[in-house]
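We'll go stop by stop.

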Amino acid sequence: MRLFEAILEANHRAVAGDRDAGLHPAQFADALPIAALTCIDVRLNPLIPSVLGVPADQFIWLRNAGNIITGPLSSTMRSLALACAVKGGAEIAIIGHTDCQVCKTSTIQLLERLKNLGVERRVLPDNVNEFFGMFGSERQNVIKACEIVRSSPLIGPKIPVHGLLVDIETGKLEWLVNGYQAWATMSDKWNDVVRSAGETVDKLKTLTDFNIGEMKFPETKIGETVTKAEDWLASKIGAFQAPPQQPAPPQSAPPPGPSVAGGIVDFAAKHWPKPPAGGQPRSPHPPPKIPSPPPIRVRVGPPRGKK
Ligand SMILES: [Zn+2]
């Protein structure tokens with residue numbers, strides 16, 4: 001079981017009334033700490049990260065109004081990238097919440113409230129909605145944010161990107177985007193690219209794997225075959241020309257196309273990370289120090305006496 005599978009299971013058990021539901025962080029050392037983006041809503045202060053059952057020192061907490069990602073290179077994106085690269089964040093979670101006021105505020109209301117604060121309409125961009133990243137669905141906002149993070153060049157392929165929605169009343173988590181599945185899909189796509197590149201090499205090889213006149217080049221490497229063919233052609237061309245013969249093309253000529261394609265395949269095979277075999281993607285950082293069990297118990301529900 002991977003980290004967020006365990007988090008969701010423990011959370012749902014806790015919501016169902018199991019007071020012992022919790023997480024053993026030591027079992028997921030490779031997947032911690034989490035780098036999470038949530039809304040600034042103060043009701044989340046006592047709720048997160050306890051509804052996940054993750055120890056506070058393994059929870060890198062980024063916040064902005066509406067947990068909005070405006071673009072693949074935005075300020076929040078840069079912070080997420082640094083959270084992973086500098087602070088060792090091993091998995092990313094975008095965590096939206098129900099009853100989000102950013103979602104409930106209309107453009108007219110926003111302009112009105114800004115005006116009340118002395119911010120005139122004329123100093124704001126034409127498309128205020130787009131500028132602030134306003135949204136009409138908490139779920140869609142999380143899904144969109146995950147897509148942007150996943151596609152950002154600042155986040156490498158080794159980091160799963162999850163999307164969750166927390167019920168601000170009950171603390172129940174809903175898993176909107178399974179970062180492990182997206183991770184596997186991306187890995188498959190890359191394997192397709194590598195495979196098709198390999199097929200291209202094979203096709204190119206069939207072009208060079210033939211007899212030229214009386215000469216045959218069996219079982220030679222693609223590059224050698226092409227070079228020999230060039231030598232042969234050069235000598236034939238030379239035979240039609242007045243002596244002295246033209247020199248053959250230098251051996252140090254740029255590599256032919258097939259070698260370039262082969263190089264890409266080799267490079268990909270060496271450098272593309274292997275999909276996790278039932279485990280978490282490996283973090284480049286040493287496992288954080290995590291206390292042994294007892295488990296971090298999941299605490300759900302709002303603080304008593306407050307609403
Ligand atoms: Zn909110």
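Select strand β6 (residues 173–177) together with β5: four bridges join the two, and they run antiparallel. Strands here are DSSP E runs of at least two residues, and helices are H or I runs of at least four, numbered from the N terminus; two strands count as paired if DSSP finds at least two bridges between them. Pick L164 and you'll find W175 as its bridge partner in β6. Now click on the hairpin of β5 and β6: six residues sit between the strands, and G171 takes a positive phi near 80°.

A word on what you're looking at: this is a predicted model, where local features need pLDDT of at least 70 and side-chain atom pairs count only at pLDDT 80 or more, while totals for chains, interfaces and linings use all residues. Numbering starts from 1 along each chain as its sequence is written.

Next, go to the other neighbour of β5. Strand β4 (residues 91–97) is joined to β5 by six bridges, and this pair runs parallel. A93 stands opposite H162 in β5.

Stay on β5 (residues 161–166) and ask: is it buried or exposed? Six of its six residues are buried, so the strand is largely enclosed by the rest of the structure. (Buried means 20 or more other C-beta atoms within 10 Å of the residue's own, with C-beta atoms placed from the backbone.) Show side chains: V161, G163 and L165 point one way, H162, L164 and V166 the other.

Zoom out to the open sheet, five strands in the order β3-β2-β4-β5-β6 with mixed pairing. β3 (59–63) and β6 stand at the edges with a single partner strand each, so one side of each has no neighbour in the sheet. The twist averages 25° from one strand to the next. (Axes are lines fitted to C-alpha atoms, for helices over the stretch in contact, and angles run from 0 to 180 degrees between N-to-C directions.)

Last stop: A145. Leaving aside neighbours within four places in sequence, A145 is in contact (C-beta atoms, placed from the backbone, within 7 Å) with N67, I68, I69, I94 and G163.

Terms used
A residue is buried if 20 or more other C-beta atoms lie within 10 Å of its own, exposed if 12 or fewer, and partly exposed in between; C-beta atoms are placed from the backbone. Two residues are in contact if their C-beta atoms, placed from the backbone, lie within 7 Å.
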